[in-house]
Amino acid sequence: MRRLSLLAMSCCCLVFASACGGSSSGSTKTLVIAVNAPFSKTPYIGTTIANGAKLAIDELQGSGTLPIGDKSYRFRIRRYDTGGSPAAAVRNVRRAFSDGAVAIVDEGTGVDASWSIAADDDVPIGIVYQGGIDLVDPQERPNVFRIVPTDHGIAYRLAEYLLPKRLKIAILHDDSGYGEEGAKALAAAFSGADDAVTTRITLPSGATDLAPQLLAARRSGANAVIVWAQAPVIAKALIAARSAGWDVPFYTPPAGADPIVRQELADHPEWIDGLTFASGRMTAEEGTAPYYTFEGKYRQAFGLERVGVKTRTGNVVIQPPEHAMYAYDFVNVLAAAIQAAGDPTDRAKVLAQMEEVTVRGANGDERAFNEKNHEGVVDDDVYFARFHDMTFAPVEDDPLSSTLPTVSQIEPD
Amino acid sequence: MNAVAARTTGAFGAALTEARRAWRWPATLATAAFVVALFAPLVLSRIQTQELAAWLYLALAAIGLAFAVGLAGMPSLCEGAFMAVGAFTAAQLRSKAGADPVSATIAGAALATAAGALLGIAFVRLGRVLFAVATWLVAWLVALSLAAFPELSGGARGLPIRAGAFTETIHYELALVLVALAALVFFAIARGAPGLALAALRVRPPAARVLGVPATRLRLGAFVASAGIGGLAGALAVQLAGIADPAGYGPFLSFKLFAAVLLGGAATALGPLAGLAAISALFHIAHWIGNLENVSTTRFEPMIAAALLLFVLGIGGGGIVPWLRRFVPARTATIEASPAPPPRRFAGATFAAAGIRKSFGGLAALVDLSLTAEPGTIVALIGPNGSGKTTALRIFSGTLVSDGGRLTLDGAPLIADTTTERVRSGVARTLQRTAVFDELTALENVLVGAGLERGYGGAIRSALATPKERAETERLRGEALDILDLVGLRAAASTPAAHLSSSDQRLTMLAAALATRPRVLLLDEPAAGGSAEDVARLARLLDALRGDGLTIVLVEHNLRLVSAVAERVVVLDGGRTIADGPPAEVAREPTVRDAYLGTHRL
């Protein structure tokens, strides 16, 4: 009987000890920053976002801790895989709260539902990939911020760039949230130019062959195609068009620069030549130095991001850490807000400070929000780049893009 | 008023006594587990409570599916679709119409029930394979519709739902209570009259039908219940999740639930819970291993579920709970002596067939068959194989429609056109082949036949075990034991029918037919395969039944039995009547000797 009591007491002590552990050790408290992204569905995007966030906290705390007020804290990145599912994304946000997350760095999926859950606890959500028009609304969703070009900005820049060319454009989008939001933005951007748009077609994400849809686009009389879709769908659309001998220019949102597009087309590198994508500019007005500094730090921390293809001369192609930049910037804004609030546990204060602080972003641009604007990237700060020989360079026929330098994408010897 | 109170108190007392008598340690264990689970949110975190509640809603849907799969034996592969109907109805009402959680839930469950009723009317008559295919197509159709109509489903972004008054703890407690209730109702129905009838239908549909089991109505009821419970689970689960995500309601959800139900044991109340727990545990282990290797295992989930399903089918389809039951010592069922019922009298009726005709294509199976059987007599129909005897019995029992002719019972035309209605009119039949319900005991086999007599044996009364239902069950049980006594099988009342000898199985069939309180009994080769002793026992039984006033039409090849018991013999050959009269007279007919008897003697 005595032995049984001892055993029971030991078990209770163990349970108590384990319950008390986890988030704090000694005087240092761990703050979790959750990265909620489709790691399994589009690993490149998920990993890049997580790496950007990790780079920011590693810089902030080095190998030690970050003093805030009279205490010291240690940030930790925790990954949550959405698999591209809104329900999983919402579930992840709940799990993240359970794990004590102070902020969510989010790809954007499921934010329509997760923002209100996070708002109850004054937890900020930073969207760093999706640009859906109504994802961010400072009045309705005061805890949602975004540092990435909006779909609205990209779509209007595409219209501004393409309409003067007098092209007949087929607009294709996939049935993912990314594609549907893009289609909405394009519809608004091209609303006054009905004669320029020959057709609008939805591409099924799960289809293995998009030949029927591309044939319909071709029959519509189009001589250019905009594909607003996830990277694998863009690759399939290109394959369907090129294999049918339809050699028209393709325009895409930032997903066109995803390594998977080039990986899918590795057997036909010539098919990707001429693919033009719109994206947020990587280098700032003040010059390329801040971006290259960031790129250097990123590569030092995580190594080179190899695309998995080579140029015609056999050089290994590497990917610039573009999406990492936005996650990096959001974490820096968050850290500045926490510092300004003086107490990370006072979440309402931290949230309020998110609208007050300003930080210098990875590319040298200033990143800040205010009570009326939770967008961290200027809407028209979008450039165009075109692929040639598996690497891309800013286009020459756009005033903004033509001023930008080409970021090297060849693995150094 | 006092009388009502006294009756109610008495009924409660009787119910308590009965429950105490039936109480066993698994019930104690289940009750203890339920009570402990009720208090779980006190020690669980919010997210754990939330995830457990989500799992319980899925378990609720699995139990709902077990009503169709386990009780009715219908392989429904669209439970996920019913969850989707409930979920998106509730989500639309909550997000677009601003409905409160309760109204949205009721509407979701109601729409799923209505969808289940519509589909059920179309599908329940299908065979199992076609039923599975049809419901699988429904699962796909709903998933494709959700994708095709983003304005209804929210498209790839889903339909967000603002948090309502239900916290995760309320959801958890509600889900737990609903799961317990659903399991109890399943248990009560499975043990009650509808469960017996459905078990009979599941095991041997033709044999159940000839006992008057209303197959379509019962199957439809089970399918609609599964749809309603699925819709309820979906409507609540989506509000707990906070978002209706069309991708979460694909055909895999239906498949996963189906696999869980079969894995756990479809015909048991706790089977779906056990199956779902096993599948969820496997998914978790896979995710854990995947996380170690930095690989997402989500895409392997259907493969794991399919492998488990194949495993269960490979080991005979029993499932976890039935397998575990083997380790629980079975309590010997004692058949207590019931108060001696009054001697049973079968009020026979004059059964007459006049000018019955039936052709199959160009083949005339019956040509102008006429016969009359009076109460307290046995008329035998004999003839070579293919002469039309069984066709005649099938027409008499309502399983086959004649091309012409007239059937009357005590002079009144028999216009009932379904087997159930024919049995209700007083015409019961046994099948040619041995067709007992293997899973049921001899007593339960007989009780299946007594189902038509029930006035208080519906699903709701059975689930609530009302005093009238229990009193009726007790009465019918006594009568069934009396019938088993009559056929000499009282000692085998609690023996599973599968363990009876073939001659006892035939007697069990006969007892089940007698339990329908027939006025006319149609027997199709009851002595087939029996020993001389079995035939003698059967002859004594038929003699006794005749003595009780029953009208019997006997199709039999055993001429010794025919000559021993029949007053009249009608001989068929090629669908035509070649002789009709007392056995001795018929035996002398040269045409009969040529066509059938040969060297045999009647």
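This is a short tour of a predicted two-chain model, stop by stop.

Before you start, note that residues are numbered from 1 along each chain as its sequence is written, while chains are lettered from A and ligands numbered from 1 in the order in which they are written. Because the model is predicted, local features need pLDDT of at least 70 and side-chain atom pairs count only at pLDDT 80 or more, whereas totals for chains, interfaces and linings use all residues.

**Stop 1: chain B as a whole**

Select chain B, and you have 25 helices and 12 strands on screen. Helices here are DSSP runs of H or I with at least four residues, strands are runs of E with at least two, and both are numbered from the N terminus. Along the principal axes, the C-alpha atoms of chain B fill a box of roughly 90 × 60 × 50 Å. Colour by burial next: of its 602 residues, 50% count as buried (20 or more other C-beta atoms within 10 Å of the residue's own; 12 or fewer is exposed, in between is partly exposed, and C-beta atoms are placed from the backbone). Of the contacts in chain B between residues at least 6 apart in sequence, 76% join residues at least 24 apart; a contact means C-beta atoms, placed from the backbone, within 7 Å.

**Stop 2: a helix crossing in chain B**

Now pick H18(B), residues 442–449, and H20(B), residues 467–487; they pack at about 115° with axes 9 Å apart. Axes are lines fitted to C-alpha atoms, for helices over the stretch in contact, and angles run from 0 to 180 degrees between N-to-C directions. H18(B) and H20(B) are therefore roughly perpendicular (65 to 115 degrees; under 35 is roughly parallel, over 145 roughly antiparallel, the rest oblique). Their crossing is right-handed, that is, the near helix is turned clockwise from the far one by less than a right angle, anticlockwise being left-handed. Show side chains for B:Ala442, B:Leu443, B:Val446 and B:Leu447, which meet residues of H20(B) including B:Leu476, B:Arg477 and B:Leu484.

**Stop 3: where the chains meet**

Bring chain A back into view: 21 residues of chain B are in contact with 20 residues of chain A. On the chain B side, the largest share, 3 residues, comes from helix H3 (residues 46–71). That side divides into 9 nonpolar, 8 polar and 4 charged residues.

**Stop 4: a helix pair in chain A**

Select H2(A), residues 43–61, with H12(A), residues 322–341; the angle is about 40° and the axes are 7 Å apart. That angle makes H2(A) oblique to H12(A). H2(A) passes H12(A) in a right-handed crossing. Among the residues making the contact are A:Ile49, A:Gly52 and A:Ala56 of H2(A), and A:Ala324, A:Tyr328 and A:Val331 of H12(A). By class, the contact has 14 nonpolar, 5 polar and no charged residues.

**Stop 5**

Move to H8(A), residues 231–243, whose end C-alpha atoms are 18 Å apart. Its buried residues include A:Val233, A:Lys236 and A:Ala240. After H8(A) comes A:Gly245, with a positive phi near 80°.

Finish at A:Ile133, in the loop between strands E6 (125–127) and E7 (144–146) of chain A. A:Ile133 is partly exposed, with 16 other C-beta atoms within 10 Å. Beyond four places in sequence, its contacts include A:Thr150, A:His152 and A:Lys184.

Key: Two residues are in contact if their C-beta atoms, placed from the backbone, lie within 7 Å. Ala, Val, Leu, Ile, Met, Phe, Trp, Tyr, Cys and Pro count as nonpolar, Asp, Glu, Lys and Arg as charged, and the others, Gly among them, as polar. The expected span of a helix is 1.5 Å times one less than its number of residues.
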